[in-house]
Amino acid sequence: MCGIVGLFLKRDDLHPQLGAMLTDMLITMTDRGPDSAGIAIYGPATAGMVKITVQSADPAKDFSNLEAELGAALGIAVVAKVVDTHAVLVVPETAKSAAITWLEDAGLWIMASGASMEIYKEVGLPEDVAARFELRQMGGSHGIGHTRMATESAVTTMGAHPFSTADDQCLVHNGSLSNHNQMRRKLARKGVFTRSENDTEVGAAYISSRIAEGATLNEALEGTIKDLDGFFTFVTGTQNGFGVVRDPIACKPAVMAETDDYVAFASEYRAFADLPGIDAARIWEPEPATVYFWER
Amino acid sequence: MTPMLDMTKTDLRSVNTTLQAAARRQANEAYEILNPRGAHALACGLDGPLSVTIKGSTGYYCAGMNKDATVTVEGSAGPGVAENMMSGMVTIEGDASQYAGATGHGGLLNIKGNASSRCGISMKGIDIVVHGNIGHMSAFMAQKGNLVVLGDAGEALGDSLYEARLFVRGSVKSLGADCTEKEMRPEHLEILAKLLEQAGADAKPEEFKRYGSARKLYNFNIDHASEY
């Protein structure tokens, strides 16, 4: 199974409530995915700066002096926000690749990077994961969440969704891909490497590699229908919004709700039950093999 | 006054137990369900005359195995609504998700909005009226009963069809294997008129086309051995 939720807010004054709304949706999807949970949240960008989200198995040790150590290595001032096993570091865009190299050498996992996006994911019940990261307190313009029932790779932090394989891009998935090993090798031959054995990470890498080659997001998502084999309902996030695509068989559920205030996605209607104005919302199912996109 | 069960106060199992007991009393009672919030398997296994109105949207498998009861969902229904229905009537005011009315043996499933993929898959005698459109692979291996669609049908309508009758007013994206358009005879117009009336559908029987089985997949055909 697996549960997916997504929320795109049309009104700026709702941004502080994004985390609270998305967390309720995420927890409702617990019985579709009790193994692990994750969220990608898009907040305001600062010109010239980039956020890097890292994860540590031993945050007390790794994060205690992280700001100072990374700052000294890069010769700049670094600001770190530590949230449980994750830390978000804000560095100048020009120092991004040096920072990522240093962080990886220090044994930290890079969860995400980008102007707006932060990713938090861990093993455990969605309610517990949300509490650890204080997801309810987070604000932003849009976000995507996932509750995982593992199929294609082990229940680990790195096997949890969302997966990010490019700046400000992420992917969550309900389903399973059957040609992910073949696609992983194809991508590797082009120099695009994945870090886990997970099928969805291959889907994410496929989309970001197509975009890097010049495809639009729409073209990249349409490409998943042709080039990825298996079952999928994908929700992909970018700095400006989110997109939805389902495989042509479309046995993995998906439902959308739209009001003047938001566009919401979920695996089941249950996740919408607490959203404001849901009784008057337009509710529909995204069609199979059709790309949908909402952007600001 | 109609008894009301509020699902913010009463859990799903208690709601279903109450409804099933009322159906068994055979007393034509009526119930209203408030705040369904997309609950799964709501109003399932009702085995007797009872009227249930659900004030909101439901999740998976609403009104499954229904017998003699009348269930109305004043919202949208999740996957597998009225699955394996035996008799009675189930009405969805909004849209129905995939495999609505799957394997149904009898009764009428009346969907006022659209139904998505696999509507009426393996239907065995149920009548389904969809006022909007239906998705792909609808009526797959459908054996008996009538599927009436006022809007359009998606890809592979009636694939590997047996003897169910399919009536579509709008376009059909593609027909599945062994499904073919058939002549509309007076007896079909009569069936259609009756179903449209029962469903309160604003359409004339003459506006529909009928599709059915070409009956070429019934028996093994040695000339087609390479195609199997």
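**Exercise 1. State what share of the 296 residues in chain A is buried.**

Solution. Buried residues account for 50% of the 296 residues in chain A, where a residue is buried if 20 or more other C-beta atoms, placed from the backbone, lie within 10 Å of its own. The model is a predicted one, in which local features need pLDDT of at least 70, side-chain atom pairs count only at pLDDT 80 or more, and totals for chains, interfaces and linings use all residues. Residues are numbered from 1 along each chain as its sequence is written, while chains are lettered from A and ligands numbered from 1 in the order in which they are written.

**Exercise 2. Describe how chain A is divided into domains, and how they touch.**

Solution. An automatic or database domain assignment supplies the bounds: domain 1 of chain A covers 3-40 + 123-295, and domain 2 covers 45-115. To their contact, domain 1 of chain A and domain 2 of chain A each contribute 10 residues, two residues being in contact if their C-beta atoms, placed from the backbone, lie within 7 Å. Finally, the centres of the two domains of chain A, taken over C-alpha atoms, are separated by 24 Å.

Terms used. Buried ≥ 20, exposed ≤ 12 C-beta atoms within 10 Å, placed from the backbone.
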